[in-house]
Amino acid sequence: MKMSPAIFPPSGIGDARPANQAVLDWVDEIAKLTEPENIFWCDGSDRENEFLIGESLKENLLSKLNQKKVPRSYLHRSDPNDVARVEQFTFVCTPTKEEAGPTNNWSEPGETYTKLRGLLKGAMRGRTLFVIPYIMGPPDSPLTKVGFEITDSKYVVLNMRIMTRMGEIAVKRLGNDPNAEWNRGVHSLLDINPERRFICHFPQDNAIISVGSGYGGNVLLSKKCLALRIGSYLARKQGWLAEHMLILGVESPEGKKHYVAAAFPSACGKTNFAMLIPPDHFKGWKVTTVGDDIAWMQVRDGRLYAINPENGYFGVVPGTSYKSNPNAMRSIAHDTLYTNVALTDDGDVWWEGKDPDGSGPAHAIDWRGNDWTPNSKEKAAHPNSRFTTPMRNNPAIDSDVEKGGGVPISAIIFGGRRGDTVPLVHEAFDWAHGVYLGATMASETTAAATGAVGKVRHDPMAMLPFCGYNIGDYFQHWLDIGKRLTNPPLIFNVNWFRKGVTGQFLWPGFGENMRVLKWIIDRCEQTGGALKSPIGWLPSPHDLDLAELDIDHKCVAEILGIDHEEWQKEIAGHKEFFDSLGGVVPEELLEQSEQLAARFKE
Ligand code: OXD
Ligand code: MN
């Protein structure tokens with residue numbers, strides 16, 4: 001990728017310096033180290049955004065799309081070696097290796113700072129250093145956190161403006177107290193070389209340094225780095241939860257509303273579920289979105305309340321269509337930044353799965369900038385191509401998305417992408433059993449991170465790449481939170497991806513997932529039927545509302561059922577996973593494992 005030169009903005013833009021001396025000193029220190037041509041203090045205003053878009057277009061960092069088809073939207077092509085999160089280069093730098101635990105790459109903080117300072121030395125020569133003030137969370141929430149990100153990438157600034165509440169609002173919230181809590185994030189593209197790509201977290205310092213990448217999950221430091229890795233560390237210390245979860249509202253025709261939080265691994269349908277449109281049969285039911293990726297939850301009056309700390313969606317594009325997710329399609333129809341999708345000859349964006357009827361363009365420019373036709377071997381859009389869009393574009397946005405106190409959570413769902421073994425839905429017997437369901441969930445890997453795709457791996461609570469401390473302590477924290485809840489959410493596990501013997505998906509998914517959601521709500525309302533099984537409460541076929549659904553009865557029986565042989569392997573897999581963590585798993589979860597095995601023998 002061509003590096004953009006320094007820019008000198010017209011007066012009134014790029015000079016929003018905060019008064020807080022701690023921020024000024026830190027920026028000074030980073031500027032001395034990186035030696036930028038100039039410093040641009042972002043205020044998040046429309047004028048500033050227009051200026052940065054104009055400069056990005058001049059530098060070919062963005063391409064303008066057909067403004068009639070996708071108004072105020074742009075396409076960015078990243079370096080082909082830089083298209084996903086890099087878990088192998090992501091580090092948690094705690095004073096001891098034990099604090100980072102068995103699931104994180106650890107590196108010693110002192111040595112890591114020295115190495116990163118070496119890489120950052122002079123890294124911004126000839127470039128502009130942008131300072132981005134932002135908050136995570138609604139402005140009046142007690143959970144809201146302030147962050148500052150330094151970056152030499154305009155693409156990062158443009159994305160952060162969509163993904164966070166950026167500018168003045170953060171400067172005001174921070175105030176002048178030099179001891180206030182705020183996150184220090186430093187990002188430099190360096191030369192986008194995978195050999196010099198490190199995403200490092202220093203939880204004790206509330207600091208992040210990310211170098212060598214321009215990909216969203218590695219560089220929008222508000223998201224995976226602050227809201228999850230550092231967030232989970234702070235959450236444990238401060239008694240709340242930072243989770244890789246969507247949050248949705250479900251309202252019945254009578255106006256009764258519940259909120260549900262659901263943890264699925266990356267690229268496993270969180271955005272689709274958060275924006276679900278109920279099928280016609282569910283006339284009068286409404287699903288609304290609070291968040292599509294991250295939930296911060298606190299205990300109040302014995303209940304769990306959740307906020308979405310983000311302000312936008314950074315979603316996977318391929319597969320998104322008016323059939324699979326109409327609300328996402330409407331959201332990304334304007335004011336959206338696209339990364340690594342294909343460009344059609346009439347200046348529109350395109351990707352695999354955009355037209356479920358198979359009608360695609362006869363010619364396009366693919367995500368690498370090459371000619372593409374339907375006969376090409378390569379995909380037109382990268383499998384991890386993304387949209388960045390403001391959450392306010394979503395027609396189904398929940399009316400309480402700005403509520404600082406959060407929304408009360410009635411149910412928590414864990415789910416993975418599993419071709420076998422795990423039924424469509426089951427309910428935990430109680431909180432500790434629910435924590436066990438989360439701790440033992442597994443899922444096929446996806447293109448959201450570099451590495452093999454389609455390999456089943458254990459991904460506890462969908463937090464394997466995002467838990468910023470020892471996973472054993474994280475499990476214990478979940479168990480402890482449960483002890484403070486007098487009115488805990490019910491906990492469920494779902495699997496939309498189970499396949500039959502011929503390899504076909506057994507469940508239609510997408511909007512039809514409403515049928516599962518409805519059963520979950522029925523269970524919360526204590527009106528839904530269920531059968532006790534060794535793995536938890538299972539709906540029988542008549543407990544699910546399947547009216548007007550074109551599905552074979554045999555498929556229903558298969559997807560709701562459990563195969564005892566498969567579960568013997570599954571339980572052995574749980575044990576193996578817990579053993580692989582080297583003795584950090586709380587006793588209470590080991591007991592859950594024993595109890596699960598025993599229930600199969602009853
Ligand atoms: C994401 C991810 O981008 O989980 O949300 O990778
Ligand atoms: Mn995610």
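**Cys225 is buried, with a relative accessible area of 0%, in a view of the cysteines of a predicted model.** Here buried means under 20% relative accessible area, exposed means over 50%, and partly exposed covers the values in between, with a 1.4 Å probe and protein chains only. This is a predicted model in which local features need pLDDT of at least 70 and side-chain atom pairs count only at pLDDT 80 or more, whereas totals for chains, interfaces and linings use all residues. Residues are numbered from 1 along each chain as its sequence is written, chains are lettered from A and ligands numbered from 1 in the order in which they are written, and side-chain values use heavy atoms, with hydrogens and water left out. Zero disulfides, meaning pairs of cysteine sulfur atoms within 2.5 Å, are found in a search of the whole structure. Cys225 is in no disulfide, the nearest cysteine sulfur, that of Cys200, being 9.6 Å away. Cys93 is buried at a relative accessible area of 2%, and its sulfur is too far for a bond from the closest cysteine sulfur, in Cys200, because the two are 4.6 Å apart.

**The surroundings of ligand 1 are shown with the residues that line it.** Ten names make up this shell, counted as near when a heavy atom lies within 4 Å: Arg85, Lys223, Lys224, His244, Ser266, Asp293, Phe314, Arg386, Ala448 and Phe466. By class, the shell has five charged, three nonpolar and two polar residues, where Asp, Glu, Lys and Arg count as charged, Ala, Val, Leu, Ile, Met, Phe, Trp, Tyr, Cys and Pro as nonpolar, and the others, Gly among them, as polar. Oxygen atoms of ligand 1 lie 2.8 Å from a side-chain N or O atom of Arg85, 2.5 Å from a polar side-chain atom of Ser266 and 3.2 Å from a polar side-chain atom of Asp293. The protein covers 96% of the 210 Å² of accessible area that ligand 1 has on its own, areas that come from the Shrake-Rupley method with a 1.4 Å probe.

**The manganese ion (ligand 2) is coordinated by Lys224 (NZ), His244 (NE2) and Asp293 (OD), at 2.2 Å.** Donors are N, O and S atoms within 2.8 Å of the metal (3.2 Å for Na, K and Ca), and the site may look incomplete because water is not among the atoms. The donor residues follow the sequence spacing K-x19-H-x48-D. Lys224, in helix α8 (residues 222-238), and Asp293, in the loop between β15 (286-291) and β16 (295-300), link distant parts of the chain, 69 residues apart. Helices (H or I, at least four residues) and strands (E, at least two) are DSSP runs numbered from the N terminus. Lys224 is buried at a relative accessible area of 6%, and Asp293 is likewise buried, at 8%.

**Asp82 and Tyr215 are 6.0 Å apart in space, C-alpha to C-alpha, and 133 residues apart in sequence.** Asp82 lies in the loop between β3 (74-76) and β4 (90-92) and, at 3% relative accessibility, counts as buried.

Notes
Polar contact = N/O pair within 3.5 Å; in protein donor to acceptor, adjacent residues only side chain to side chain.
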